[in-house]
Amino acid sequence: MGAMTTPTVLDHEDVEWFRAAPEMPSAARGAAATLARRIGLDAYRSSEVALAVTEAATNLQRHASDGALLLRVLRTPEQAGVEFVTVDTGPGMADVQAALSDGASSAGTLGIGLGAVARLADAFDIHSLPGRGTVMAAQFWAREAGAAPTGGVPSVASGLTRPISGETSCGDAWAVRVDEGATEESRPSGGGSAPSAEPAVLAMLCDGLGHGPLAALASEAAVAAFRRSTARHPEGLLRDINAALRGTRGGAVAVARIEPAHGRLLYCGIGNVSGVLLGPESRNGLLSAPGIVGQQMRSLRTFELPLKPGGALVMHSDGLTERWKADDLPGLLRHSPAVMAGQLLREAGVRRDDAGILVVKGAW
């Protein structure tokens with residue numbers, strides 16, 4: 001696949017969902033302004049973030065079916081930004097470009113329109129399907145007043161978690177990090193492919209057993225173990241996560257290693273986490289073995305698949321059904337990982353369980 005640069009991965013934190021309701025725009029505006037100031041954005045930029053979030057929230061509250069807005073912090077080693085993601089189940093827009101044009105503001109909103117929201121953001125993406133729903137994602141980073149958008153920080157991965165109805169904590173969690181590469185690595189036990197020496201993307205999704213605070217503790221332990229582990233192969237990472245989850249409820253966990261330089265994916269999972277490798281014309285399911293990480297983890301098996309240009313890796317908990325089809329979502333693969341994750345959550349998410357989804361795209 002030729003020479004490559006090291007992929008960029010953003011850390012995501014401070015997840016808060018706002019459901020469509022009369023008080024949502026003011027609540028989201030206040031939270032956005034507070035969040036922007038807390039991470040160090042100046043007063044002018046913080047007010048722009050609050051304005052954009054209010055417009056998006058008001059659009060949802062007035063026009064969308066079952067809309068929700070997610071507000072969170074994005075971090076690189078050097079800086080922090082704010083991101084919002086909106087997800088709704090209709091009515092959708094037949095002409096997104098017209099909605100983004102100047103002066104195209106829906107009745108009853110602030111009147112700045114989605115085009116102005118896009119200009120206030122450093123990165124903006126929207127995917128709408130008439131009759132199905134719309135997902136929009138926007139990033140806001142520090143910049144001088146009146147300056148042009150920076151383009152944001154393009155991350156190769158993004159995900160969403162949403163707690164079961166009635167809970168505030170989610171038992172699903174995900175994490176992604178970059179393996180900078182190494183000169184040599186022992187093979188995993190039982191044979192299998194050794195990790196490449198070039199940079200790779202490591203991705204993990206955990207569905208803590210049950211839901212609520214105890215499930216969240218298990219998934220948080222999985223994320224912490226994934227981040228501190230020095231293992232480079234999915235099997236080694238799963239063993240470290242298994243050790244960390246002893247004493248918790250345990251959970252279903254899958255770990256993937258994306259190797260752009262070798263054009264391959266290594267995938268290993270235990271329990272009910274779904275993995276799908278999407279290509280422009282293909283869909284390959286990734287199998288997980290039965291068991292509970294932290295309690296009953298038997299022999300591990302790693303699957304290896306070739307990466308196809310223009311594709312994406314999707315991992316999700318059983319809070320999303322497996323019945324979704326990318327063909328039913330025209331243009332999905334052309335969008336950012338955050339918007340892809342939002343569309344799949346909208347399409348397949350169920351309210352009677354925690355939901356977690358992770359999308360890795362653009363690393364190869």
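How many bridges join β4 to strand β5, and in which sense do the two strands run? The close-ups below come from a predicted model, and the opening view answers this.

**View 1. The hairpin of β4 and β5.** Seven bridges join β4 to β5 (residues 133-140), and the two strands run antiparallel. Leu129 has Gly133 of β5 as its bridge partner. Three residues lie between the strands of this hairpin. Gly131 takes a positive phi there, near 85°. Strand β4 covers residues 123-129, and five of its seven residues are buried, so the rest of the structure largely encloses β4.

**View 2. A salt bridge between Arg19 and Asp66.** The two side chains meet at 2.6 Å, N to O. Arg19 belongs to strand β1 (residues 11-19), while Asp66 sits in the loop between α2 (43-63) and β2 (68-75), so the contact ties together parts that are 47 residues apart in sequence. Arg19 is partly exposed, at a relative accessible area of 41%. Asp66 is partly exposed too, at 39%. The structure holds 16 salt bridges.

View 3. Arg45 pairs with Glu48, with 2.8 Å between the closest N and O atoms. The two residues are three apart in helix α2, a separation of about one helical turn. Arg45 is buried, with a relative accessible area of 1%. Glu48 also counts as buried, at 11% relative accessibility.

View 4. Arg264 and Glu259 form a salt bridge, and their closest N and O atoms are 2.4 Å apart. Buried or exposed? Both Arg264 and Glu259 are buried. Shared partners join Asp179, Arg232, Arg257, Glu259, Arg264 and Glu304 into one salt-bridge network.

**View 5. The sheet β7-β8-β9-β10-β13.** Five strands make up this open sheet, with antiparallel pairing. The edges are β7 (172-179) and β13 (303-306); each has a single partner strand, so one side of each is left without a neighbour in the sheet. On average, neighbouring strands are turned by 15° against each other, direction ignored. Strand β10 (residues 264-270) pairs with β13 over four bridges, in the antiparallel sense. In that pair, Leu266 stands opposite Glu304 of β13. Helix α6 (residues 234-245) packs on the sheet. Helix α6 touches β7, β8 (200-208), β9 (251-259) and β10, and its direction makes about 150° with that of β9.

**View 6. The sheet β6-β15-β14-β11-β12.** This is an open sheet of five strands, and the pairing is antiparallel. Which strands stand at the edges? They are β6 (157-162) and β12 (282-286); each has a single partner strand, so one side of each is left without a neighbour in the sheet. The twist averages 15° from one strand to the next. Five bridges pair β14 (residues 312-316) with β15 (residues 355-361) in the antiparallel sense. Met315 stands opposite Leu358 in β15. Helix α7 (residues 337-348) lies across β6, β14 and β15. Helix α7 runs at about 35° to β6.

**View 7. The largest nonpolar core, and another apart from it.** The largest core has 31 residues. Which residues have the most contacts inside it? They are Val49, Val53, Leu69, Leu71, Val82, Phe84 and Phe140. The elements that give two or more residues to this core are α1 (24-38), α2, β2, β3 (80-87), α3 (96-100), α4 (113-120) and β5. Leaving aside residues up to four places away in sequence, Val53 touches Ala28, Arg29, Ala32, Leu69, Leu71 and Phe84. Another core, of 28 residues, lies apart from the largest one. Among its residues are Val314, Leu332, Val339 and Ala348. In soluble globular proteins, nonpolar side chains tend to be buried together.

Terms used. Residues are numbered from 1 along each chain as its sequence is written. This is a predicted model: local features need pLDDT of at least 70, side-chain atom pairs count only at pLDDT 80 or more; totals for chains, interfaces and linings use all residues. Side-chain values use heavy atoms; hydrogens and water are left out. A salt bridge is a side-chain nitrogen of Lys or Arg within 4 Å of a carboxyl oxygen of Asp or Glu. Buried means under 20% relative accessible area, exposed over 50%, partly exposed in between (1.4 Å probe, protein chains only). Two strands pair if DSSP finds at least two bridges between them. Axes are lines fitted to C-alpha atoms, for helices over the stretch in contact, and angles run from 0 to 180 degrees between N-to-C directions. Contact means heavy atoms within 4.5 Å. A nonpolar core is a set of buried Ala, Val, Leu, Ile, Met, Phe, Trp, Tyr and Cys residues joined through side-chain atoms within 4.5 Å.
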